[in-house]
Amino acid sequence: MARSRTEQMIARLKDLQMGTPDIEASAVVSVDGLIMASALPPDVEEDRVSAMSAAMLSLGERIASELGRGVLDQVYVRGANGYVILASVGEEAVLTVLARKDAKLGLVFLDMRRAAEDLGRLI
Amino acid sequence: MQTVKMVITGPFNSGKTEFIRSISEIDVVSTERKISDPTSRQKKETTVAMDFGRITVDNDLVLYLFGTPGQKRFDFMWEILSEGMLGFVVLVDSVRPETFREARRILDVFRGYATTPYVVAANKQDLEDAWPADDLRIALKVDPNIKLLPCVATNKESVKRVLLELLYTILETASD
């Protein structure tokens with residue numbers, strides 16, 4: 001039986017996390033801040049993370065263009081305990097990834113880009 | 001020169017972005033995104049982070065306007081945007097009574113952030129089904145000493161009047 005789009009998206013997110021153990025959690029969110037698919041830890045409030053991801057990406061896009069940096073590629077937040085990285089998935093969605101603090105970012109970025117391309121086809 | 005930060009808030013689709021666009025002298029910094037949820041498709045796009053506009057009142061006074069998202073899931077932005085505000089406007093969609101309760105809730109949330117002056121603006125008064133401002137005062141249980149002003153957010157003069165009323169209230173409170 002064919003899997004639903006959400007199931008396929010979740011499968012792709014799990015793939016991403018399996019292939020890059022530095023990635024601890026991930027989610028796909030619509031640009032207006034609603035969850036589409038997630039592989040987040042149970043203690044994370046999905047709805048809030050979704051809304052924040054959409055707000056952050058949209059501000060990122062505005063500041064990149066306002067300051068002449070062109071089309072936004074990704075938003076990258078570094079905290080004492082790790083990273084939050086946001087990238088757009090086509091025109092409609094955002095991929096949000098949580099990574100460990102000692103993550104190999106080159107690999108994380110590469111795998112995120114590939115996942116975003118695949119997810120874009122599913123949306 | 002003095003700058004005054006004002007926050008423009010209110011429920012989903014009450015006209016906050018339009019309000020700021022009507023009066024801002026700079027290109028408004030907007031963060032509108034396509035609405036994906038088909039049940040709330042009263043319009044095509046909605047604000048997900050903030051709007052920002054500016055209006056010079058005279059040589060000594062500039063207003064900075066910060067518009068909030070209306071939907072509750074973005075309420076983390078409300079608190080961020082309310083920091084340092086000297087007053088706020090609660091916009092009410094006068095043609096949709098089902099949003100009045102939410103408008104009242106938002107009003108209370110913002111009063112909780114800071115004890116700054118505020119005004120309530122009964123927007124969309126140009127539409128036939130609009131509740132008159134006096135009826136809205138009763139429905140929303142707005143205190144008699146709070147200004148409740150009729151408003152048409154697409155009309156620059158109407159927006160200007162609301163902002164000046166808030167400004168006067170701020171100045172009066174400051175001189176008390």
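This is a predicted model: local features need pLDDT of at least 70, side-chain atom pairs count only at pLDDT 80 or more; totals for chains, interfaces and linings use all residues.
Residues are numbered from 1 along each chain as its sequence is written, while chains are lettered from A in the order in which they are written. Local features need pLDDT of at least 70, side-chain atom pairs count only at pLDDT 80 or more, and totals for chains, interfaces and linings use all residues; side-chain values use heavy atoms, with hydrogens and water left out.

**View 1. The open sheet of chain B has 6 strands.** Helices (H or I, at least four residues) and strands (E, at least two) are DSSP runs, numbered from the N terminus. Two strands pair if DSSP finds at least two bridges between them. At the edges are β4 (51-58) and β8 (148-150) of chain B, each pairing on one side only. Direction ignored, neighbouring strands of this sheet are turned by 25 degrees against each other on average. Axes here are lines fitted to C-alpha atoms, for helices over the stretch in contact, and angles run from 0 to 180 degrees between N-to-C directions.

**View 2. Strand β1(B) is largely enclosed by the rest of the structure, because 6 of its 8 residues are buried.** Buried means under 20% relative accessible area, exposed over 50%, and partly exposed in between (1.4 Å probe, protein chains only). β1(B) and β5(B) pair in the parallel sense over 7 bridges, and in β5(B) the partner of Thr3(B) is Val62(B). With β6(B), β1(B) also pairs in the parallel sense, over 4 bridges; look there for Val89(B), the bridge partner of Ile8(B).

**View 3. Helix α4 (residues 133-140) of chain B packs on the sheet beside β6 (87-93), β7 and β8 of chain B, touching these strands.** Contact means heavy atoms within 4.5 Å. The direction of α4(B) makes about 140 degrees with that of β8(B). One residue pair to spot is Ala122(B) with its bridge partner in β8(B), Pro150(B).

**View 4. The largest nonpolar core has 33 residues.** Such a core is a set of buried Ala, Val, Leu, Ile, Met, Phe, Trp, Tyr and Cys residues joined through side-chain atoms within 4.5 Å. Among the residues with the most contacts inside this core are Phe88(B), Phe110(B) and Leu140(B). Both chains take part: α2 (46-66) of chain A gives two or more residues, as do α2, β6, α3 (100-113), β7 and α4 of chain B. The most comes from α3(B), with 5 residues. Leaving aside its neighbours within four places in sequence, Leu140(B) is in contact with Val92(B), Phe100(B), Ala103(B), Arg104(B) and Val120(B).

**View 5. In chain A, 5 strands form an open sheet with antiparallel pairing.** Their order is β2-β1-β5-β4-β3. β2 (35-39) and β3 (74-79) of chain A stand at the edges with a single partner strand each, so one side of each is left without a neighbour in the sheet. From one strand to the next, the twist averages 15 degrees. β3(A) and strand β4 (residues 82-89) of chain A pair over 6 bridges in the antiparallel sense, and Tyr76(A) has Ile85(A) as its bridge partner in β4(A). Helix α3 (residues 105-122) of chain A packs on the sheet, touching β1, β3, β4 and β5 of chain A. The direction of this helix α3(A) makes about 30 degrees with that of β4(A).
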